[in-house]
Amino acid sequence: MLSDHPVLEFLNTTPMVEGKLRDLFRTDADVLNTLARLGWPTQFKGAALLSAARNLREELRQLIENRKTGDPLDLAQLNKFLAEARSHLELSQDKKGSLAVHRVWEHRTAQQALAPVAEAAADLLATGDFELIRRCESETCVLWFYDRTRSHHRRWCSMASCGNRHKVAAFRKRNSEA
Ligand SMILES: [Zn+2]
């Protein structure tokens, strides 16, 4: 996971591609695939998941940007998602007899299907270290990451793309000045 946090990964589903924002959510199936990749439940079978996911994503983008800059947070929409959530704990036992507790979600509505994302986002906003939650430094990039490097000097969404482009540009600049 490039961003090092599932909520930021969810946010990062609108990357900039050749100067234009590209929405990786185009169908309900795209949303379900992303939920699966991030380890969230995907049993939702209803309709309108796409528009709910896009709404939640834009709410989260605004909240995370405002949290980062210290601007006021309008929590009403996220709280609506949270109020829709229905979940309970379940105890299970494997063949060797070990017990494990896990959370079971209802997902009758699109909002309920996205509730785990909303809950993780609420937790991130409340307890995340926003010194370390940053946007990629590339001017042409909109991706976020949680800097979990030991030195806390991470600058790029990925070394392979933005980091490398920066290195090549800096090299060209040095050479042209020489
Ligand atoms: Zn980037």
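User: How many of the residues of the protein count as buried?

Analyst: Of the 178 residues of the protein, 25% count as buried, a residue being buried if 20 or more other C-beta atoms, placed from the backbone, lie within 10 Å of its own, exposed if 12 or fewer do, and partly exposed in between. This is a predicted model, in which local features need pLDDT of at least 70 and side-chain atom pairs count only at pLDDT 80 or more, while totals for chains, interfaces and linings use all residues. Residues are numbered from 1 along each chain as its sequence is written.

User: Which elements make up the secondary structure, and in what order do they run?

Analyst: Helices (H or I, at least four residues) and strands (E, at least two) are DSSP runs, numbered from the N terminus. Here the protein comes to 7 helices and 6 strands, running α-β-β-α-α-α-β-β-α-α-β-β-α from the N terminus on.

User: How does one read the length of H3, and which of its residues are buried?

Analyst: The expected span of a helix is 1.5 Å times one less than its number of residues. For the 21 residues of H3 this gives 30 Å, and the end C-alpha atoms are 30 Å apart, which agrees. Its buried residues are Leu49, Ala52, Ala53, Leu56, Arg57, Leu60, Leu63 and Ile64.

User: Why do the buried residues of H3 line one face of the helix?

Analyst: An α-helix has 3.6 residues a turn, so residues three or four places apart point the same way. Seen down the axis of H3, the buried residues fall within an arc of 135°, so they line one face of the helix; the arc is that of the directions from the helix axis to the C-beta atoms. Among the elements that cover these residues are H1 (6–11), H4 (76–84) and strand E6 (144–146).

User: What does the largest nonpolar core contain?

Analyst: In soluble globular proteins, nonpolar side chains tend to be buried together. A nonpolar core is a set of buried Ala, Val, Leu, Ile, Met, Phe, Trp, Tyr and Cys residues joined through C-beta atoms within 7 Å. The largest one has 34 residues, and those with the most contacts inside it are Val7, Leu56, Leu114 and Ala118. The largest share of this core, 7 residues, comes from H3.

User: Is phenylalanine 44 buried or exposed?

Analyst: Phenylalanine 44, in the loop between H2 (28–37) and H3 (49–69), is buried, because 21 other C-beta atoms lie within 10 Å. Leaving aside residues up to four places away in sequence, phenylalanine 44 touches Leu32, Leu49, His107, Ala110 and Ala113, a contact requiring C-beta atoms, placed from the backbone, within 7 Å.

How values were computed
Contact = placed C-beta atoms within 7 Å.
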